Amino acid sequence: MNESPHQFLVLGLSHHSAPVEIRERFAFPESAVPGALERLRSEGLAGEAVLLSTCNRVELYVTTPVPAAEAGRRLREFMARDRQATGEDPGIWYLHSGARGAEHLFRVASGLDSLVLGETEILGQLKRSYEVALQSRSTGRVLNKLFQAAFAAAKRVRSETGIQRGNTSVASVAVDLAEKIFDGLKGREVMVIGAGDTSEKTARALLSRGAHSVIVSNRSYDRAAALAAELGGRAIHFDEWEREFARLDIIISSTSAPHYVLDRPRMASLLSRRPSRPLLLVDLAVPRDVDPEVKLLDNVFLANVDDLQAIADEHVRARQEERRRCDAIIQERVHRWMGDLSARPAPSGRLAFE
């Protein structure tokens, strides 16, 4: 009996196609990813699968025996069902196959599809997503070779072009925003809520630009203490951060909470006990940590991951020539991957590419 051909597909949504209030409905905590990958395979939707979920995108990379159009519909239905997100416009999703899908992955890995052109956080996030899939035994020859090729392409882009020079990370852009609001960061008091990777990078950038001190609050006090020690700051228990509120100038929030950490009534109450001066809230979390309505309060500035686009755009124009050099590298890598894959038969049916 002939086995069905498997094709490579990418289904996703990102800051290009969906605002943060949509993206947060489809976000996956890392703990939920192995189960989702197993369900994809058990339902016959994927032979191999990697699931990437970040602040700016949620993407599935799969090999599937299902025809592309049907696979796209069924994968969208799977995502909506798994995340209990119904009634969304199908137009928020994009679907790529074959060489176009590989090109998309290589661009993502290289920071060329990011909110901030050339940012570097996404490569680490992509490597972690691949590692989770690998440990879950959800990858095989196709995705293993594809992701290794993507990492190699990102390395070349980083080493052979200037696309990543300057302030291109989300953390750096957030700090740029803080400097504009406060006309410099010297002496500013900062709190980091949530001790994740992006929070750490943001705190380091704030300190490097002159911030006075950093307080770290996290649900895991040990994690907060470890990060505070690295930053020369101070750790506090998660339920104690409100006691520090009156002295703060900047709050960077990036937790994995499923609900708002700060809503408008709570913020209004906290502000009533604080001297009248500017407060910047940088919400790096998806789902969001901060209720958007807090920005209606006096002296409160709020920026979420989408708001950072305005500053990111300032860096884009200077990088157009570098983008063309990056595109040439990626096209070369895509052709090499396609040729290598076509030269070796797949162990479970041939691979069909559109």
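**Note on the predicted model**

1. Tyr-130 is buried, its relative accessible area being 7%. Buried here means under 20% relative accessible area, exposed means over 50%, and partly exposed lies in between (1.4 Å probe, protein chains only). Phe-151 also counts as buried, at 13% relative accessibility.

2. On the basis of the description: this is a predicted model, in which local features need pLDDT of at least 70 and side-chain atom pairs count only at pLDDT 80 or more, while totals for chains, interfaces and linings use all residues. Residues are numbered from 1 along each chain as its sequence is written, and side-chain values use heavy atoms, with hydrogens and water left out.

3. The structure holds six aromatic pairs. One of them joins Tyr-61 and Phe-147 in an edge-to-face arrangement, at 5.5 Å centre to centre and 80° between the planes. This pair links distant parts of the chain, with Tyr-61 in strand S3 (residues 57–64) and Phe-147 in helix H6 (residues 141–160), 86 residues apart. Both Tyr-61 and Phe-147 are buried. Rings of Phe, Tyr and Trp (its six-membered ring) pair if their centres lie within 6.5 Å; planes under 30 degrees apart count as stacked, over 60 as edge-to-face and the rest as tilted. Helices (H or I, at least four residues) and strands (E, at least two) are DSSP runs, numbered from the N terminus.

4. The ring centres of Tyr-130 and Phe-151 lie 5.9 Å apart with planes at 70°, so this pair is edge-to-face. Tyr-130 belongs to helix H5 (residues 121–135) and Phe-151 to helix H6, so the pair ties together parts that are 21 residues apart in sequence. Ring pairs link Tyr-61, Tyr-130, Phe-147 and Phe-151 into a cluster.

5. Arg-83 lies over the face of Phe-28, at 4.1 Å from the ring centre, and the charged end of Arg-274 sits over the ring of Phe-245, 5.6 Å from its centre. The criterion is that NZ of Lys or CZ of Arg is within 6 Å of the ring centre and within 35 degrees of the ring normal.

6. An open sheet of four strands has the order S2-S3-S1-S4 with antiparallel pairing. Its edge strands, S2 (48–53) and S4 (94–97), each pair on one side only. Neighbouring strands of this sheet are turned by 15° against each other on average, direction ignored. Strand S1 (residues 7–14) and S3 pair in the antiparallel sense over eight bridges, and Gln-7 stands opposite Thr-64 in S3. Two strands are taken to pair if DSSP finds at least two bridges between them.

7. Which strands does H6 touch? H6 packs on the sheet, touching S1, S2 and S3, and its direction makes about 40° with that of S2. Helix H2 (residues 33–42) lies across S2 and S3, running at about 145° to S2. Contact means heavy atoms within 4.5 Å. Axes are lines fitted to C-alpha atoms, for helices over the stretch in contact, and angles run from 0 to 180 degrees between N-to-C directions.

8. Helix H4 (residues 98–109) and H5 pack at an angle of about 125°, with their axes 8 Å apart. H4 and H5 are therefore oblique to each other; angles under 35 degrees count as roughly parallel, over 145 as roughly antiparallel, 65 to 115 as roughly perpendicular and the rest as oblique. Leu-105, Val-108 and Ala-109 in H4 meet Ile-122, Leu-123 and Leu-126 in H5.

9. Six strands form an open sheet in the order S7-S6-S5-S8-S9-S10, with parallel pairing. S7 (234–237) and S10 are the edge strands, each pairing on one side only. Four of the five residues of S10 (residues 300–304) are buried, so S10 is largely enclosed by the rest of the structure. S9 (residues 279–283) and S10 pair over five bridges, and the bridge partner of Val-282 in S10 is Ala-303. Helix H7 (residues 170–182) lies across S8, S9 and S10, running at about 165° to S9.

10. The peptide bond from Val-286 to Pro-287 is cis, with omega near 0°, and Pro-287 is found in the loop between S9 and S10. Arg-137, in the loop between H5 and H6, has a positive phi near 55° and counts as exposed at 68% relative accessibility. Asp-183, in the loop between H7 and S5, likewise has phi near 55° and counts as exposed at 74% relative accessibility.
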